[in-house]
Amino acid sequence: MELWIATSNNGKLNEFKMLLNVAVMEKFLEIHAQSELPVFSQPPENGDSFLANARIKARALKAVKPGTWVMGEDSGLMVNGLNGLPGIHSARYAGPKASDPENVAKLLKMMTLRPMANRKAQFVSVIVAFDPQGVEHIYEGKLEGEIAKAQRGSTGFGYDNVFVPDGEQKTLAELGLAHKNKISHRAKAVLGLTADLMKS
Ligand code: IMP
């Protein structure tokens, strides 16, 4: 069985491969990414929600890979003291071509500008998948935590080095990928997908 993943984010892709290979026996699941498709062009992510953007990604891939499982994920960090930002703009918070370090630097700066701001935050992952019959499935996961005052740790990607999950003292980037994959928003969203893949 093939599953095609609509992402150009290698951090995400690595996590999906690890999560799916643990949950679904590797020999039955061949994971492919959009980068393997020479004809695939990334659609504009102009939806107004995680769900809308995940659907845009999944539909674009379904158009070139009909008859197989395809999935798109949209995810991001919502900070209470920033009224839910960066949210769906997480990948481009510091500008259209911003790098992860630039986005993190902007986030910390915004928090510094609001010293009393609520540092509570959540990561959100919404997956839209289409099964080989073309039926849409939606899965969602959240991880609650708070924003650290400075960057700590070196694993993962995106905002991992400033996110401390509830009940922990360390950032996700200090806790490491094995720990992150037990608790993350993405791991929770993948649970529903793997259940459906096993049934398929
Ligand atoms: P997307 O690829 O458009 O869904 O953008 C997701 C963005 O949200 C990433 O580029 C990161 O900035 C942020 N993000 C989502 N999930 C995570 C995570 O697990 N760790 C750190 N940052 C994340």
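I began with K180, where a polar side-chain atom lies 2.7 Å from an oxygen atom of the ligand; I counted a polar contact as a pair of N or O atoms within 3.5 Å. The protein covers 95% of the 490 Å² of accessible area that the ligand has on its own (Shrake-Rupley method, 1.4 Å probe).

I noted that this is a predicted model, in which local features need pLDDT of at least 70, side-chain atom pairs count only at pLDDT 80 or more, and totals for chains, interfaces and linings use all residues. Residues are numbered from 1 along each chain as its sequence is written, and side-chain values use heavy atoms, with hydrogens and water left out.

I then looked up two further contacts. An N or O atom in the side chain of E45 is 3.1 Å from an oxygen atom of the ligand. A polar backbone atom of Y159 is 3.1 Å from a nitrogen atom of the ligand.

Next I examined the shell (a heavy atom within 4 Å). The ligand has 18 residues around it, and K12, D160, K180, H185 and R186 come nearest. I found four nonpolar, six polar and eight charged residues in the shell. Strand 3 gives the most, with four residues.

Last, I turned to the site itself. The ligand sits in the largest pocket (more than half of its atoms within 2 Å of the grid points). A pocket here is an open set of points on a 1 Å grid where a 1.4 Å probe fits, with protein on both sides within 12 Å along at least five of seven lines; lining residues have an atom within 4 Å of a point. I recorded 29 lining residues, with N9, K12, S75, S90 and A91 nearest the centre.

Notes. A polar contact is a pair of N or O atoms within 3.5 Å; within protein, one must be able to donate a hydrogen and the other to accept it, and residues adjacent in sequence count only if both atoms are side-chain atoms. Helices (H or I, at least four residues) and strands (E, at least two) are DSSP runs, numbered from the N terminus. Ala, Val, Leu, Ile, Met, Phe, Trp, Tyr, Cys and Pro count as nonpolar, Asp, Glu, Lys and Arg as charged, and the others, Gly among them, as polar.
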